[in-house]
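Reader: I have a model open and want to go through it piece by piece. Can you take my questions as they come?

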Amino acid sequence: MERLTPRVGIGQIAPHKPMIRLPNGGRPLIDLSLSHNALGPSPRSITAYRQAAQNLHRYPDGEHTALRMAIARRYDIEPDHVTCSNGSDEMIQIVTEAYAGPGDEVLFHQYGYHGFIKAARMTGATPVIAAERDLAVDVEALAELAGDRTKIVFLANPNNPTGSYVPAEQVQRLRAELPAHTLLVLDSAYADYVRRNNYDPGFDLVSDHDNVLMVRTFSKLHGLAGLRIGWAYGPPAIIETLDRVRPLYNVGLPAQAAAAAALGDLEHEEATLAHNDSWSAWLSHELRAIGVRVYPSVCNFILVRIPPDPTMSVPTLSQHLLDHGILVKSLGHYGLPDCMRITIGTEEENHALMDALREVLD
Ligand code: PMP
């Protein structure tokens, strides 16, 4: 008898990593390994979450009506151009499932967010990867690889883990060069952090074309990573398709309430951005001072390259940090064995990180 096996391609999806634990069995005291908001969520989100907790016995609104309306109001777009998901990771999976399958190609860039390759493999589509240049997306390389079988092109802009971004004019050029049957998905998870005039999260591209979708998240600027809320803005025909594919009731009741409330707290957003700007600059400066290469980042994390030293590899350095209760992200699985991604923490966390690094790198 044949044994039960997962569908072809599932075996190539990276397994979930076991939780890293400290020798004493505790979790890291300072976790800078995932790109969360160091300031936490808005107090308004917490209040809305607590109120929603009184209705936990009820199903959430399967159409996320109030949240869609709040998003539409905030960004001056139509509610029927928006749908929501259980984190933007789920949106990446939903859109891939809706538009690609076995025999199709899903195209993205070399150091592109790892959710893209997972989604492509889950649907049985073939992932196709365009080389980057100096840890930045090469839109020409992407456009050249788009062909008859390319159903989706994912562009994380800005990208995780590199922290780099593609200027608006290059994104427009990429879109113009894609075949009409190809959907361009702009993953704008970190859009809120970018303070550059030549950057555009993609609202106009979506409004002006019928094959562009923008994906956003409440995990970063709004500090709601633990609640899992993502959303997409696209032409109504695409949104309707995504709504057919997504699971019913995919966004929990407290999550919808907390996300809608977050959109009303501009003060918290400003505080988050100010914190990120100043501590990202501070960390970059301090790291460069001890010989670490810091790649320019427009996100809430920085990518660093450890100087070549036979006694201090990334695994050794990571262990040293762990011994101090600090967890950062090693990027060997991205093909960047000398690199680490460090999320901007609180003032105390950033100082603790630098103190620990100076012990071994100064
Ligand atoms: N896109 C990018 C570029 C990301 O870095 C992440 C998470 N780090 C996501 C999407 C998924 O975020 P979430 O599922 O928390 O919305």
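This is a predicted model: local features need pLDDT of at least 70, side-chain atom pairs count only at pLDDT 80 or more; totals for chains, interfaces and linings use all residues.

Reader: Start with the record. Which residues does the UniProt domain annotation cover?

Author: The unreviewed UniProt entry places "domain: Aminotransferase class I/classII large" at residues 29-357. In the model that span is 40% helix and 16% strand.

Reader: And how far apart are the end C-alpha atoms of that span?

Author: They lie 16 Å apart.

Reader: Which residue carries the modified residue feature in UniProt?

Author: Lys220, where the unreviewed entry gives "modified residue: N6-(pyridoxal phosphate)lysine". Lys220 sits in the loop between strand E7 (212-217) and strand E8 (230-233).

Reader: Is Lys220 buried or exposed?

Author: Lys220 is buried, because 24 other C-beta atoms lie within 10 Å, and the cut-off for buried is 20 or more.

Reader: What is Lys220 in contact with, leaving aside neighbours within four places in sequence?

Author: Ser35, Asn37, Ala189, Tyr190, Asp192 and Asn300.

Reader: Helix packing next. How do H1 and H9 pack?

Author: H1 (residues 43-52) and H9 (residues 253-262) have axes 8 Å apart, at an angle of about 150°. The helices are therefore roughly antiparallel, since the cut-off for that word is over 145 degrees. Their crossing is right-handed.

Reader: Which residues meet there?

Author: From H1 they are Arg44, Ser45, Thr47, Ala48, Tyr49, Gln51 and Ala52. From H9 they are Leu253, Pro254, Ala257, Ala258, Ala261 and Ala262. By class, the contact of H1 with H9 has nine nonpolar, three polar and one charged.

Reader: How far is Ile46 from Ile344?

Author: The C-alpha atoms of Ile46 and Ile344 are 22 Å apart in space, and the two residues are 298 apart in sequence.

Reader: Back to H9. At what angle does H2 cross H9?

Author: Roughly 20°, and the axes of H2 (residues 65-75) and H9 come within 9 Å. H2 is therefore roughly parallel to H9. The crossing of H2 and H9 is left-handed. Ala66, Leu67 and Ala70 of H2 make the contact with Gln256, Ala259 and Ala260 of H9. The residues in the contact of H2 with H9 are five nonpolar, one polar and no charged.

Reader: How do H3 and H8 pack?

Author: H3 (87-99) and H8 (residues 236-245) pack at about 100° with axes 9 Å apart. That angle makes H3 roughly perpendicular to H8. Ile94, Val95, Glu97 and Ala98 of H3 meet Thr241, Leu242 and Val245 of H8. The contact of H3 with H8 divides into five nonpolar, one polar and one charged.

Reader: What do the buried residues of H4 pack against?

Author: Helix H3, strand E3 (105-109), strand E4 (126-130) and strand E5 (150-156). The buried residues of H4 (residues 115-123) are Gly115, Phe116, Ala119, Ala120, Arg121 and Thr123. Just after H4, Gly124 has a positive phi of about 85°.

Reader: Which residues other than glycine have a positive phi?

Author: Asp76 is one of them, with phi near 55°. Asp76 is in the loop between H2 and strand E2 (82-85), and with 7 C-beta neighbours inside 10 Å it counts as exposed. Leu135 has a positive phi of about 60°. Leu135 lies in the loop between E4 and helix H5 (139-145), and it is partly exposed, with 18 other C-beta atoms within 10 Å.

Reader: Last topic, cis peptides. Where is the bond from Asn157 to Pro158, and what is its omega?

Author: The bond is cis with omega near 0°. Pro158 is in the loop between E5 and helix H6 (168-177). The bond from Asn160 to Pro161 is also cis, with omega near 15°, and Pro161 is in the loop between E5 and H6.

Methods: Residues are numbered from 1 along each chain as its sequence is written. Axes are lines fitted to C-alpha atoms, for helices over the stretch in contact, and angles run from 0 to 180 degrees between N-to-C directions. Helices (H or I, at least four residues) and strands (E, at least two) are DSSP runs, numbered from the N terminus. Angles under 35 degrees count as roughly parallel, over 145 as roughly antiparallel, 65 to 115 as roughly perpendicular and the rest as oblique. A crossing is left-handed if the near helix is turned anticlockwise from the far one by less than a right angle, and right-handed if clockwise. Two residues are in contact if their C-beta atoms, placed from the backbone, lie within 7 Å. Ala, Val, Leu, Ile, Met, Phe, Trp, Tyr, Cys and Pro count as nonpolar, Asp, Glu, Lys and Arg as charged, and the others, Gly among them, as polar. UniProt positions are given in the numbering used here, feature names are shortened, and annotations may be inferred rather than shown by experiment. A residue is buried if 20 or more other C-beta atoms lie within 10 Å of its own, exposed if 12 or fewer, and partly exposed in between; C-beta atoms are placed from the backbone.
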